Amino acid sequence: MSYATRNIDIERLITDLRSRTLSRLPGDFSRLVYLASSRDCNTGKYYHDGLAFHFSQNVASKAMALCHKEIFDRLVYASLEELIDELSNYISSTDERPEDFLKSWEHLGSYRITIPSECDELEADVFLSNLKMALAILQTRQKHASRDEQSA
């Protein structure tokens with residue numbers, strides 16, 4: 001397969017991935033978690049049986065890595081309030097109680113797996129710092145909401 005053909009396949013696959021899968025997820029943070037969870041933590045390769053069947057495993061992995069980095073970049077450069085909104089939307093899309101989710105993520109640092117393999121160290125540090133602040137702000141808001149409910 002020629003270099004040009006591979007690039008065309010990757011572009012087609014990225015378009016397919018965006019329109020059929022990623023667009024159905026509620027926001028960039030959900031997309032980030034989805035793509036990170038599709039990555040093998042031992043090899044760094046991404047797996048998606050449907051995409052691999054229609055294209056190839058190698059092309060699917062590369063396209064997913066590119067999408068992962070693209071979404072990560074948007075979140076790294078998002079304002080803190082935008083990141084809080086993205087995280088809040090993601091939490092709302094799970095079946096977990098927000099207070100349990102926030103406590104678990106603070107304790108376990110689960111968000112660390114969302115960083116793409118091909119990522120600048122400074123970007124990763126900024127993302128982690130901003131995400132920790134977003135988690136702390138959401139925890140504070142959650143505590144205030146719980147107190148308001150109890151006093152009402």
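Visitor: Which residues of α6 are buried?
Guide: F101, L102 and W105 are buried in α6. The model is predicted. Buried requires a relative accessible area under 20%.

Visitor: What makes the buried residues of α6 line one face of the helix?
Guide: Look down the axis of α6. The buried residues fall within an arc of 95 degrees, so they line one face. On the other side of α6, K103, H107 and L108 are exposed. Exposed requires over 50%.

Visitor: What is W105 in contact with, leaving aside its neighbours within four places in sequence?
Guide: F29, V33, L87, Y90, S110, Y111 and L135. Contact requires heavy atoms within 4.5 Å.

Visitor: Which residues touch the most other members of the largest nonpolar core?
Guide: F29, L87, W105 and F127, out of 38 residues. At least two core residues come from each of α1, α2, α4, α5, α6 and α7. The largest share, 9 residues, is from α4. There is a general background: in soluble globular proteins, nonpolar side chains tend to be buried together.

Visitor: How do you know that the span of α5 is close to the expected one?
Guide: α5 covers residues 80-93, which is 14 residues. Its reach from first C-alpha to last is 20 Å, and 20 Å is expected at 1.5 Å a residue.

Visitor: What puts the buried residues of α5 on the same side?
Guide: The buried residues are L83, I84, E86, L87, Y90 and I91. They cover an arc of only 165 degrees around the axis, so they sit on the same side of α5.

Visitor: Why is D85 called partly exposed?
Guide: Its relative accessible area is 40%. Buried is under 20% and exposed is over 50%, so D85 is partly exposed. D85 lies in α5. Its C-alpha is 9.3 Å from that of G27, 58 residues apart along the chain.

Visitor: How do α2 and α5 pack?
Guide: At an angle of about 65 degrees, with axes 7 Å apart. D28, F29, S30 and V33 of α2 make the contact with L83, E86, L87, Y90 and S93 of α5. By class, that contact has 5 nonpolar, 2 polar and 2 charged residues.

Terms used:
Residues are numbered from 1 along each chain as its sequence is written. This is a predicted model: local features need pLDDT of at least 70, side-chain atom pairs count only at pLDDT 80 or more; totals for chains, interfaces and linings use all residues. Side-chain values use heavy atoms; hydrogens and water are left out. Helices (H or I, at least four residues) and strands (E, at least two) are DSSP runs, numbered from the N terminus. The expected span of a helix is 1.5 Å times one less than its number of residues. Buried means under 20% relative accessible area, exposed over 50%, partly exposed in between (1.4 Å probe, protein chains only). The arc is that of the directions from the helix axis to the C-beta atoms. Axes are lines fitted to C-alpha atoms, for helices over the stretch in contact, and angles run from 0 to 180 degrees between N-to-C directions. Ala, Val, Leu, Ile, Met, Phe, Trp, Tyr, Cys and Pro count as nonpolar, Asp, Glu, Lys and Arg as charged, and the others, Gly among them, as polar. A nonpolar core is a set of buried Ala, Val, Leu, Ile, Met, Phe, Trp, Tyr and Cys residues joined through side-chain atoms within 4.5 Å.
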